[in-house]
Amino acid sequence: MKEGNEVISISWYLVLTVGIPESLLMVLMGFQLYNLRLKFGHAIVIAAMSAIISFYVRKLPIVFGVHSLIGIVVLISLCWLFTRLPLYKVIWSVLTGFAVLAVTQSILVPLILWLTSIDYEQIKNNILINSLMFLIQALFVGAALVYCKVRKVYIFDLSDGDQNANQQAHYSDFDDII
């Protein structure tokens with residue numbers, strides 16, 4: 001620790017079980033809520049790169065919370081690089097995906113703590129409990145994502161017909177499901 005700065009360290013296990021799936025859900029949900037197409041394979045690469053960068057950023061001696069801001073900037077940059085969509089569309093999508101996960105976590109964590117004998121310190125210090133807590137969150141957000149995808153639920157339609165028409169041939173059947 002260095003003059004009030006707290007180093008937040010995560011293990012490679014958490015990168016795989018929380019970091020990558022969390023980034024993936026954030027990107028997929030954000031793009032879905034604005035009716036923007038993103039190849040599933042690209043979303044996985046974006047999520048993996050983002051989680052790996054976050055792993056190293058969390059090792060830096062920076063003030064708590066700054067790592068999240070850096071993570072969002074990294075995710076926005078990666079999404080823009082892979083999609084080449086206008087930057088404002090990418091920013092809206094990533095920030096909305098982040099908000100969905102943050103709200104879900106703010107509701108579920110206190111509820112789970114209240115229902116169980118687990119306390120916040122146990123979640124923070126035990127990677128298995130941390131992973132299980134995220135799994136619960138991921139199930140809720142994943143179910144919401146599938147619902148939004150199937151029901152074509154959008155906050156706002158930012159797609160342009162040309163973008164979707166030109167890219168349609170590059171998507172697999174699996175991309176249409178997820």
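This is a predicted model: local features need pLDDT of at least 70, side-chain atom pairs count only at pLDDT 80 or more; totals for chains, interfaces and linings use all residues.
Student: Where does arginine 84 lie?

Tutor: In the loop between α3 and α4. Helices are DSSP runs of H or I with at least four residues, strands are runs of E with at least two, and both are numbered from the N terminus. The chain has eight helices and zero strands.

Student: What makes arginine 84 count as buried or exposed?

Tutor: Its relative accessibility, 54%. Buried means under 20% relative accessible area, exposed over 50%, and partly exposed lies in between, with a 1.4 Å probe and protein chains only. Arginine 84 therefore counts as exposed.

Student: Which way does asparagine 35 go, buried or exposed?

Tutor: Buried, because its relative accessibility is 16%. Asparagine 35 lies in the loop between α1 and α2. Its phi is positive too, about 55°, although it is not a glycine.

Student: How do you know that the length of α3 agrees with its residue count?

Tutor: Helix α3 covers residues 66–83, which is 18 residues. The expected span is 1.5 Å times one less than the number of residues. That gives 26 Å, and the end C-alpha atoms are 26 Å apart, so the two agree.

Student: What covers the buried residues of α3?

Tutor: The cover includes α1, α2 (40–57) and α4 (87–115). Among the buried residues are Val74, Leu75 and Leu78. Contact means heavy atoms within 4.5 Å.

Student: What makes α1 and α6 parallel, antiparallel, perpendicular or oblique?

Tutor: Their angle is about 20°, with the axes 10 Å apart. Axes are lines fitted to C-alpha atoms, for helices over the stretch in contact, and angles run from 0 to 180 degrees between N-to-C directions. Angles under 35 degrees are roughly parallel, over 145 roughly antiparallel, 65 to 115 roughly perpendicular, and the rest oblique. So α1 is roughly parallel to α6.

Student: Which handedness does the crossing of α1 and α6 have?

Tutor: Left-handed. That term means the near helix is turned anticlockwise from the far one by less than a right angle; clockwise would be right-handed.

Student: How many residues of each class make the contact of α1 with α6?

Tutor: There are 16 nonpolar, five polar and two charged residues. Ala, Val, Leu, Ile, Met, Phe, Trp, Tyr, Cys and Pro count as nonpolar, Asp, Glu, Lys and Arg as charged, and the others, Gly among them, as polar.

Student: What does leucine 25 touch?

Tutor: Not counting residues up to four places away in sequence, its contacts include Leu101, Phe134, Ala138 and Leu145. Leucine 25 lies in helix α1. Its relative accessible area is 12%, so leucine 25 is buried.

Definitions and conventions
Residues are numbered from 1 along each chain as its sequence is written. Side-chain values use heavy atoms; hydrogens and water are left out.
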